[in-house]
Amino acid sequence: MRLNVSHHEINESALLIKIERFVLSSLDATRQPRSFYEDFSNYLLDFHQVYNPDFSYSCLITLFCSLLYDYDLERESSTSLYHRLNQRSFREWQNYFNQVRADHFNELSQHRYNESLNTDKLDNRLRELLSSYSALLVVRLDLSYVVNPDIEQVDADLEKLRRKISRSSYGDDLLLLVWALEQGERKGYHCHVALVFDERKRIGAWSIAKAIGKFWESITDGDGSYFNCHDPRYLKQYEKQGNIGIGVVFSNLHHQAKNMRSTLSYLAQPEKLQYLRVKTSSKMRTFGMSQR
């Protein structure tokens with residue numbers, strides 16, 4: 001039986017993005033925003049509910065981690081905390097936030113660098129497969145949640161999915177499995193997944209994507225959902241643009257091979273900046289390639 005994925009009613013992913021936006025907007029403000037202390041107290045109380053001392057947070061969120069030890073939030077109400085925070089001026093809070101400005105931009109730079117390395121690594125592997133097989137079957141789907149859990153549950157769910165795929169009949173024929181975990185404003189925690197097969201051994205990209213999606217729904221006890229990128233209506237948009245990069249890809253057709261490499265590079269594209277604001281540990285992976 002699956003444990004309750006949401007130990008709190010608060011959506012961890014959405015809250016962390018709101019806190020990050022709050023800090024960044026405060027840094028650049030020329031005067032105190034009208035609802036600064038009200039938002040500050042509410043975000044801090046909510047963060048207290050989802051905070052896990054074992055997790056690794058981005059530097060902007062770490063500012064809030066430190067404040068949890070400065071204020072006794074077990075006893076504070078929204079009103080009392082509002083007044084306590086208000087004992088420091090907006091300029092003082094700006095200075096407090098400003099101490100991690102450089103670290104934040106260093107984090108973003110490191111994220112872009114890591115994703116660039118991942119993109120190169122993925123592209124090299126795709127080139128190898130194109131040179132080794134006359135035709136490939138490329139399967140794509142996106143995984144997300146109906147009920148947003150904390151990052152620990154997401155990490156555990158994805159580990160179970162990778163294990164299930166490996167042990168399934170698909171695992172025997174799988175040439176490459178690529179996955180990229182992200183945190184978006186609308187989608188919350190979500191994962192892009194691609195599977196590549198020898199086209200002579202596997203057919204039916206839509207049915208394979210559906211089967212993997214069903215694995216995900218089962219693992220998450222229905223709290224997870226998936227989007228099948230082989231949906232005909234979705235494919236039609238890309239067909240009009242002439243850049244379908246999934247399904248059957250013939251290696252000797254240059255435009256198909258190029259479209260496939262371009263499509264799959266999206267999984268590690270640094271420009272998206274949908275990085276995780278929290279990880280189960282500093283070593284937690286957000287991108288992976290399993291290959292034969």
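**Strand, loop and ring placements in a predicted model**

Asp-198 lies in strand 4, which covers residues 188–198. The model described here is predicted. Asp-198 has a relative accessible area of 5%. Asp-198 is therefore buried, as the value falls under 20%. Beyond its neighbours within four places in sequence, Asp-198 is in contact with Tyr-133, Ala-135, Asp-173 and Leu-175. Val-249 is 51 residues away from Asp-198 in sequence. In space, the C-alpha atoms of Asp-198 and Val-249 are 10.0 Å apart.

The protein chain as a whole was then described. Its secondary structure comprises 11 helices and eight strands. Along the principal axes, the C-alpha atoms fill a box of roughly 70 × 45 × 35 Å. The protein chain has 292 residues, and 51% of them are buried.

The surface and the charges follow. The protein chain exposes about 15,300 Å². Carbon and sulfur atoms supply 46% of that area. The protein chain carries 38 positive and 37 negative charges.

The structure holds 24 aromatic pairs. One of them joins Phe-22 and Tyr-43. Phe-22 has a relative accessible area of 7% and is buried. Tyr-43 has a relative accessibility of 19%. Tyr-43 also counts as buried, since the limit is under 20%.

Helix 2 also holds Asn-42. At 31% relative accessibility, Asn-42 is partly exposed. That class applies because the value lies between 20% and 50%. Asn-42 and Asn-124 are 82 residues apart in sequence. Their C-alpha atoms are 47 Å apart in space.

Charged groups also sit over aromatic rings. Arg-162 lies over the face of Trp-179, at 4.2 Å from the ring centre. The charged end of Lys-164 sits over the ring of Phe-215. Here the distance to the ring centre is 5.1 Å.

Two loop positions complete the description. Asp-221 is placed in the loop between helix 9 (205–219) and strand 5 (224–228). Asp-221 is not a glycine, yet its phi is positive, at about 55°. Most residues other than glycine have a negative phi. Ile-244 occupies the loop between helix 10 (232–241) and strand 6 (247–250). The relative accessibility of Ile-244 is 27%. Ile-244 therefore counts as partly exposed, with a value between 20% and 50%. Asn-259 is 15 residues away from Ile-244 in sequence. The C-alpha atoms of Ile-244 and Asn-259 are 6.2 Å apart in space.

Conventions
Residues are numbered from 1 along each chain as its sequence is written. This is a predicted model: local features need pLDDT of at least 70, side-chain atom pairs count only at pLDDT 80 or more; totals for chains, interfaces and linings use all residues. Side-chain values use heavy atoms; hydrogens and water are left out. Helices (H or I, at least four residues) and strands (E, at least two) are DSSP runs, numbered from the N terminus. Buried means under 20% relative accessible area, exposed over 50%, partly exposed in between (1.4 Å probe, protein chains only). Accessible areas come from the Shrake-Rupley method with a 1.4 Å probe; for residues, only the protein chains shown count as cover. Lys and Arg count as positive and Asp and Glu as negative; His and the chain ends are not counted. The place of a charge is taken as NZ of Lys, CZ of Arg, CG of Asp or CD of Glu. Rings of Phe, Tyr and Trp (its six-membered ring) pair if their centres lie within 6.5 Å; planes under 30 degrees apart count as stacked, over 60 as edge-to-face and the rest as tilted. A charge sits over a ring if NZ of Lys or CZ of Arg is within 6 Å of the ring centre and within 35 degrees of the ring normal. Contact means heavy atoms within 4.5 Å.
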